[in-house]
Amino acid sequence: GWAFAIWGPIYLGETSFIAYQLLSSNADAVIPGIAAPFAAANILQSLWCASFRPSYLGDGLKKYISAGMLAGTAYSLSLVLKAGNAAAAADPTFNTLMLSPVVMHLGWVTAATLVNLNGSFASDETASPRALTALGHSSALLATILGIGVTVSMNAPVYGFTIAWALSACADGMTKRKPAPAHSEKDEKILSTAAKVQNKLCWAGSLACGATALYTALV
């Protein structure tokens with residue numbers, strides 16, 4: 001629902017990011033470092049579209065291909081951020097303004113990778129409720145750690161705010177979870193309890209990432 005509204009700012013901002021490269025006199029100092037990883041990110045995200053389909057779900061490792069494509073997208077965008085930070089001396093405007101939508105894209109795809117991983121794992125009908133719970137909780141914790149760590153280490157408050165947005169969306173999703181008819185009453189009780197815990201973990205992570213991002217932006 002509302003969580004995916006973030007794609008509007010991401011793609012409108014990345015349109016400006018591309019236009020900057022055509023219009024700025026300092027673009028030559030920036031483009032060499034960002035061209036390859038930015039192109040790779042878009043190619044990998046396109047491949048995710050091709051692999052995120054029912055025929056890839058079920059048993060076997062192929063159900064994780066789509067999550068791998070998103071992980072590759074996130075890694076490629078992290079290289080764009082790294083190159084952009086290195087180019088800040090040549091053009092501070094690029095670093096503070098034009099790079100923001102790419103960082104937002106990176107943050108969202110980071111969270112999406114973890115969500116996709118959980119969905120792929122859950123597509124295996126043999127997966128136990130406790131295993132699903134463990135992966136879900138550890139994913140929320142990992143997202144929080146990444147949100148705080150990358151925000152601080154790469155001075156990227158936009159990243160932290162984006163992870164906070166994604167975690168709040170996941171928390172909201174836990175309150176709207178519907179019982180799965182395929183699960184036994186015992187399994188459903190485990191998953192229902194896990195959803196309540198997950199809701200709290202995601203809200204806590206969202207607040208932590210948001211606070212870190214705000215602090216980083218102010219100092």
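**View 1. The largest nonpolar core has 39 residues.** In this predicted model, the residues with the most contacts inside that core are Leu77, Val102 and Tyr159. Two or more core residues come from each of helix 1 (7-23), helix 2 (31-51), helix 3 (65-86), helix 5 (100-122), helix 6, helix 7 and helix 8. Helix 5 is the biggest giver, with eight residues. Here is a handy idea to keep in mind: in soluble globular proteins, nonpolar side chains tend to be buried together.

**View 2. Tyr159 and the residues it touches.** Let's zoom in on one residue of the core. Leaving aside residues up to four places away in sequence, Tyr159 touches Val103, Leu106, Gly107 and Thr110, and also Leu146, Gly147, Val150 and Thr151.

**View 3. Pro129 in helix 6.** Look for Pro129 in helix 6, which covers residues 129-153. Is Pro129 buried or exposed? Its relative accessibility is 10%, so Pro129 counts as buried, because buried means under 20%. Not counting residues up to four places away in sequence, Pro129 touches Asp187, Ile190 and Leu191. Pro129 and Lys189 are 60 residues apart along the chain, and their C-alpha atoms are separated by 9.5 Å.

View 4. Phe161 sits in helix 7 (residues 157-175). With a relative accessibility of 40%, Phe161 counts as partly exposed, because that label covers values between the 20% and 50% limits.

Notes: Residues numbered from 1 in each chain as written. Predicted model: local features only at pLDDT ≥ 70, side-chain atom pairs only at ≥ 80, totals over all residues. Heavy atoms only, no water. Helix = DSSP H or I, 4+ residues; strand = E, 2+ residues; numbered from the N terminus. Buried < 20%, exposed > 50% of the residue type's maximum accessible area, 1.4 Å probe, protein only. Contact = heavy atoms within 4.5 Å. Core = buried A, V, L, I, M, F, W, Y, C linked by side-chain atoms within 4.5 Å.
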